[in-house]
Every structure is written in C-alpha cells, then in structure tokens.
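Take a look at the model below.

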Amino acid sequence: IVVLQLVREGRLSVDDRVVDLLPWAEHLDAGITLHHLMSHTAGLPGGSEWTPDSLLESARQGAVGAPQPPGSPYWYSNPGYELIGDVIESVTGQPLESALQERVLGPLGMTSSTASVTSSDHGVDVRGRRPPRDDAAWSGETEQTPDTLFPTCTADGAIAATPDDMAQAARELVSGGRQYVVVTGGDLVTGTEALDAVWAAGEER
C-alpha cells in the first residue's frame, strides 16, 4: 500500500530498479525492479534471517543462497520485502514504522497496533510455541517451549496487532477499502482507488 501511495505521488514507479533506488545494493542483479520484489519474482533466496536489521539482511543478499534471474517463477521471499522497506525509508526519509503508522495503521483506525516489535512489547505480545528440540520430531508428550521474541522492524513482518485491529483491516479489504482514506500529497485517496491500483499493476503483467 505504501509503495502504491508513493507511486501515486510520483515518487516511485513499480518499474524502478532497486539498484537505482538503493545505490548501496549494487551487489543485487541490476534487473530487479520494485514489481519483482512486490510479486516475489525477484529470484532472491530465502535469506539468512539472522538479524532483525533489514539493512544487514539486504546487504547479504547475493552472498547467501543461490539467486535466480529476476522474473523467475513465484517464490516467497522475506528478503524481497525487507528491501521494499529499505526503499520506503530511503524515499520518505522516515523510519519504516513511522511511515506505516502515518500512511496505513492510522488511517485504518488500527489504534492498538504497532509497526515495530520492541522489548517493551514482550509482556503483551502473544508468543508462539515450538517443540523443545529441533533434532527430533515432537511426539506431543512434552510441553512446547515459547518461541524467541526479538526487537525488529522490517517490512517482511513486524506489525503487531490486536484481533480487533486485524478485523478492521480485514473489513477494509473485504469492502474494497470504501472506508479507507489515505492522505497522499495533500489529496484524499479512497481505499478503493488504492486497491484498484494493486490489481491493475498485477493485471498489466
């Protein structure tokens, strides 16, 4: 949504090359565009996921795994969305969590949600659970252990929301975004226009 808002403002195009938007990312294939990242067709491997810092993760792309040519068949890629977050920060001059709060969570009325996970959230976040051992199948006879929580703010998944706020977001999507109003460049843009732009961008390809 934020990328498409920036496209409407004339600050981005989905056909922009990532290396032009992030000069430090010259290690990536020069043909990778924003559309490739958004559609998971950039050919990037799964990534290391060893740090909550998206810039460090992005800097390792190409050195980890086996990248494929851009335009490759769909393959879900967290690193691709981390790069999108880096682009948003570069273009807006804002931390990603601030841009998401201002452009998405706030207008949607998601008042109990946050676009980053900090140590202060650990007392209220619902923690996942996992088998106590990674080297053996879980038999169900032992209690699973709490998953690790670590501070993070990356575009591949750092939004923490309550069920009520998630329901609000779902209502907007199901209704075509008719209640969703986005402020972009001084204009009011209804969610319907924003969502139509999403589908149109995909259909053109």
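What follows is a short walk through this structure.

This is a predicted model: local features need pLDDT of at least 70, side-chain atom pairs count only at pLDDT 80 or more, and totals for chains, interfaces and linings use all residues. Residues are numbered from 1 along each chain as its sequence is written, and side-chain values use heavy atoms, with hydrogens and water left out.

Start with helix α6, residues 96-108. Helices here are DSSP runs of H or I, at least four residues, and strands are runs of E, at least two, numbered from the N terminus. The expected span of a helix is 1.5 Å times one less than its number of residues.

α6 has a kink of about 40°, centred on Glu102. The bend is the angle between axes fitted to the seven residues ending at a residue and the seven starting there. Just after α6, Gly109 takes a positive phi of about 75°.

Which residues of α6 are buried? They are Leu96, Ala99, Leu100, Arg103, Val104, Leu105 and Leu108. Buried means under 20% relative accessible area (1.4 Å probe, protein chains only). An α-helix has 3.6 residues a turn, so residues three or four places apart point the same way.

Now the largest nonpolar core, with 28 residues. Such a core joins buried Ala, Val, Leu, Ile, Met, Phe, Trp, Tyr and Cys residues through side-chain atoms within 4.5 Å. The largest share of this core, 6 residues, comes from α6.

Finally, Ala160 sits in the loop between β2 (145-146) and α7 (163-174). Ala160 is buried, at 18% relative accessible area.

How values were computed:
Buried < 20%, exposed > 50% of the residue type's maximum accessible area, 1.4 Å probe, protein only.
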